[in-house]
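Biologist: Can you walk me through this one? Keep it short, please.

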Amino acid sequence: MLPAALLQTIPQGVDYVRILPELILSVFGIVVMVLDPLVDEEKSQKLLGFIGLGGALAGLLATWYMAQSPGLAFSNMVKVDDFSVFFHFLIIGIAAVVMLSSFEYMAVQRIRAGEYYALILFGTVGMALMSSAVELVLIFIALEISSISTYILTGFRRNEASSSEASLKYFLLGSFATAFFLYGVALMFGATGSTNIDLISQKLQAEPVQLLVFVAMALMFVGLGFKVAAAPFHVWTPDVYEGAPAPVVGLMSTAPKAAAFAVLLRVVFTINAPGRSGLLWVAAALSMTLGNVGALVQSNVKRLLAYSSIAHAGYLLMAFAMTGSGDSIAGISAAMFYTAAYAAMNLGAFAVVSHFANAGERYVTLEDYEGFGRSSPLLAATLTIFLLSLIGIPLTGGFFAKFYVFNAAMKAHLIWLTLVGVINSAIGAYYYLRLIVVMYMRESRKEVPVTAIPLGLGVALAISLVATVYLGILPNRILQFAQHSAQELTPPQPSAISANGEQMPPPAAIPQP
Amino acid sequence: MSTDSWSTYILTFVTFAPLVGALLLLVFPRRDRDIRIFALVFSLLTFLLALHLPVHFHRSVQGFQYEIDRQWISTPDIHYHMALDGISLWLVVLTTFLTPLCVLISWKSVHDRVKEFFILLLILETALIGVFTSLDLFLFYFFWESTLIPMALLIGIFGHERKVYAAVKFFMYTMIASVFMLAAILWLYAHTGSFDFVVIRDQIARGRVPNLPAAAQWLFLGFFLAFAVKVPLFPFHTWLPDAHVEAPTAGSVLLAGVLLKMGTYGMLRFNLGLFPEQARHNAPWIMILALIGIIYGALVAMVQPNMKKLIAYSSVSHLGFVVLGIFSFTQAGLNGAMFVMLAHGVSTGGLFMLAGILHERRHTYEISEFGGLATPMPVYAASYLFIVLASLGLPLLNGFIGEFLVLTGAFQAKPVYGVLAATGVIWSAGYLLWLFQRVFYGKVTKPVNLSMRDMIGFEKAAVWPCAVAALLMGVAPILWLAAIDPAVQAALTPFTQVVSKVVGQ
């Protein structure tokens, strides 16, 4: 007979249900890897792609099943709540769309498909796990799983020097950043004696906060800030996005970001460490400004979208900056909505870009897009809708995403940050608009071949488009779901929020005329 | 359908009918003639639907009518709240009146990408109507921004030589200005918990909004900047001549006819409605800017060698009258401002169509290229003269009524302003008549002009309704003012005290 304490640590059946999506994705990933050498190259493209896609769909189903049994698993390391379910759906959905849009790309670029799909699946496992882990060490492991797959995926255009360069650069800087995160975790353990987020939070409420906690938070933020490409940890982004295969950029500008934001949300809003809102304020303002200003002068569409993703990380961080003041539910739900809307529109944009780029990614400059509106009106119109959504024009998801974030910041009386945000979104309009202008208002000077839209890409585009427009017209359901999960995330004792001694400036801080 | 539900849903029908048309056009086969007919039918249908509004409008009622208020999004509390009062009523009718004319005037002149053109035109119409009908600040902002894209694309795709520059300039100017309005709207929501215009207005009037005194001036300016760029008020007018010169004719007509009125409508509705205190406080410098706009616009118009630029600067001048009227806070001034908005929409719309007809034949807007056109094109010359007279404010035509009322209001508020503004009327007679003389009188200077065709059926069908409307508005302004007057009175309620003081001096 085992001692009772030991019995408790043995995982129960329900524990496995709570990581079912991750398990299923891993199994499918292994199947893809095993099958890869067994089928001949011609067939492998399609077959492995479909298996990968099937894995993602099964993962979505498993997420639904997992959602039926919320709770903690594996000695409080994994937590299934609405919050993690939301991000599971989002991340696995992104993976599915990316695989759909990769079918054609892999064939055109003549890349062997096997590991590609397997790596996407494994990466997805890591990202999904990041959203449900409530143990800092497990978060770190999940972060590594997802990062290592993306490092390899970045270098997948093996014959291109820029791709290898991107991969190496991403790997070196990325490892450095994750080391920072780990260091932060270690310090947090030193300060509180725990690596469990809930325990840390309780501990911090009970005792006076040490200096070490500040440092730990800051170091963890460095690691996560790198992953979400927030300034000042954004420098890698343009080069890596330019070198990586276009569908992979679509993936890594959305899914790992969503996962990192999920962790950041959990960490920032659950652990009530003071001082973090100032940090986030600066990061948000910097990311928005540097991203938008940098994008103004780009002539490569992939670089342009890279800078745009930095800017969007900044908008998203605005929702974080209001932690510790009043209504944190508005901030969390705004951030969650933003990740979803951003994923939809950015994936769509990159799907078009990767189709247009053609073999060897030859056509990626603004000049190549001249006359695109005439040569393939449907694809151009689709890209236009995604770009309008990135600008934040009404009837698109991007509009409500920005709106909720600005609204949350305004509610927290962050008037200056809101102003920085709205001015930035006006600046941002310029470079997206430039692409639209080039597509519709210039005649083409170059011969750019027009290829028919294959089925996989068509479905991927349709999904992104429907999601973008749906979020732009009826944002309610997603937002309510986000709010509901935000309630679970916020600390149970509301008094703790005001007790941390960190008050936002009162509303009267508006400058006197 | 019962009358009750009609009056609830009529605004929804009017607003979204063009959008439905645009969506149907999307799946329409690319047969250009059918597309044109389809667009015409849909825009006429919208106009007929919109005519329901003034016919069943209760003129004596001050408040909003045809109200519909449904929750759209629960958090934040955004409503689908639409209604009309005497201020917005006629602007909606004006929009729906001008759109079919735009379809007609583009019948022959747009040959390329016909389908896209009419889709954009119909989407633009929906957005424009939405701006005037929404009472939820969020919904308003939503439609306000939605007008940008179709208009910028109309200019950028279907415009003339420097179209891209003009489209981007137009877009950036208005976009940057309107984000300040968004910030102000968000502030209001954060402090009142509502986007509803009526709710916010009442809360402000009762002094229930925390921290308002400190912020009100900034909020006022946030709204005002967005509107001033749209009007455009001097010195924010520089995008207008570029946009007009490069825009296709239909684009110019809607730009001058309706888009500019979004700005003045916004001032009247939001700046005066929400912040009466600040409006009064800021009125002096705003009126001076309006005066500068009137005189400067007229003087610059006078020296333009390009017909479309001339008309564009005349718009700057005319819209100056509107702003002057609004910030005079007098019954006459506001009635006049409203009337000038409508009259300017009709007559400047007509002028742009006429300019477009010339461009169609000679591909230039340079006035020096023409001369003596009355000989080859008598019908055209007569129509042109009529619209020119309407625009410069000949009594019995529409321009006169509005300007007269505005000047009355300006005199009541401050006589000097009235005197200065009155010179604007003289200037406008100067540049318009001089334009007419150079283009139509004398001998035909260029042989190529001798063989120019007179107006054809579509063009007559597009221009003459404007002439008829101009005459009707000039002869029986009461038809319009009867609905405007009570709404203006309501808008002025917070100012009545002030006005009596000013008049008493």
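Modeller: Here is a quick tour, taken topic by topic. Keep in mind that this is a predicted model.

Biologist: Start with where the chains meet. How many residues does the contact take from chain A and from chain B?

Modeller: Chain A puts in 29 residues. Chain B puts in 32 residues.

Biologist: Which elements of chain A give two or more residues to the side that touches chain B?

Modeller: They are α19 (397-411), α20 (415-441) and α22 (476-489) of chain A. Of these, α20(A) gives the most, with twelve residues.

Biologist: And by class, what is on the side of chain A that touches chain B?

Modeller: That side has 22 nonpolar residues, six polar and one charged.

Biologist: OK, new topic. Which residues touch the most other members of the largest nonpolar core?

Modeller: That core has 406 residues. The ones that touch the most other members are A:Ile91, A:Ala321, A:Phe337, A:Tyr338, A:Val405, A:Ala409 and B:Leu324. In general, nonpolar side chains tend to be buried together in soluble globular proteins.

Biologist: Which helix gives the largest share of this core?

Modeller: Helix α16 (residues 328-357) of chain A, with 21 residues.

Biologist: Take A:Val405. What is A:Val405 in contact with, leaving aside neighbours within four places in sequence?

Modeller: A:Val405 is in contact with A:Tyr315, A:Leu316, A:Met318, A:Ala319, A:Ala334 and A:Tyr338.

Biologist: Now helix packing. At what angle do the axes of α18 and α21 of chain A cross?

Modeller: Roughly 40 degrees. The helices are α18 (residues 377-391) and α21 (residues 455-473), and their axes come within 11 Å. That angle makes α18(A) oblique to α21(A). The crossing is left-handed.

Biologist: Which residues make that contact?

Modeller: From α18(A), they are A:Thr382, A:Ile385, A:Phe386 and A:Ser389. From α21(A), they are A:Leu461, A:Leu465, A:Thr468 and A:Gly472. By class, that gives four nonpolar, four polar and no charged residues.

Biologist: On to the backbone. Where are the cis peptide bonds you flagged?

Modeller: One joins A:Ala231 and A:Pro232, with omega about 0 degrees. A:Pro232 sits in the loop between α10 (211-227) and α11 (237-243) of chain A. Another joins B:Phe234 and B:Pro235, again with omega about 0 degrees. B:Pro235 is in the loop between α9 (212-230) and α10 (239-246) of chain B.

Biologist: Why flag those?

Modeller: Because most peptide bonds are trans. Most residues other than glycine also have a negative phi.

Biologist: So which residues have a positive phi without being glycine?

Modeller: B:Tyr66 is one of them, with phi near 55 degrees. B:His363 is another, at about 55 degrees.

Biologist: Last one. What is B:Pro76 in contact with, beyond its neighbours within four places in sequence?

Modeller: A:Asn407 and B:Tyr189. B:Pro76 is in the loop between β1 and β2 (78-84) of chain B. B:Pro76 counts as buried, with 20 C-beta neighbours inside 10 Å.

Notes. Residues numbered from 1 in each chain as written. Chains lettered and ligands numbered in written order. Predicted model: local features only at pLDDT ≥ 70, side-chain atom pairs only at ≥ 80, totals over all residues. Axes fitted to C-alpha atoms, helices over the stretch in contact; angles between N-to-C directions. Helix = DSSP H or I, 4+ residues; strand = E, 2+ residues; numbered from the N terminus. Parallel < 35°, antiparallel > 145°, perpendicular 65-115°, else oblique. Left-handed = near helix turned anticlockwise from the far one by under 90°. Contact = placed C-beta atoms within 7 Å. Nonpolar A, V, L, I, M, F, W, Y, C, P; charged D, E, K, R; others polar. Buried ≥ 20, exposed ≤ 12 C-beta atoms within 10 Å, placed from the backbone. Core = buried A, V, L, I, M, F, W, Y, C linked by C-beta atoms within 7 Å.
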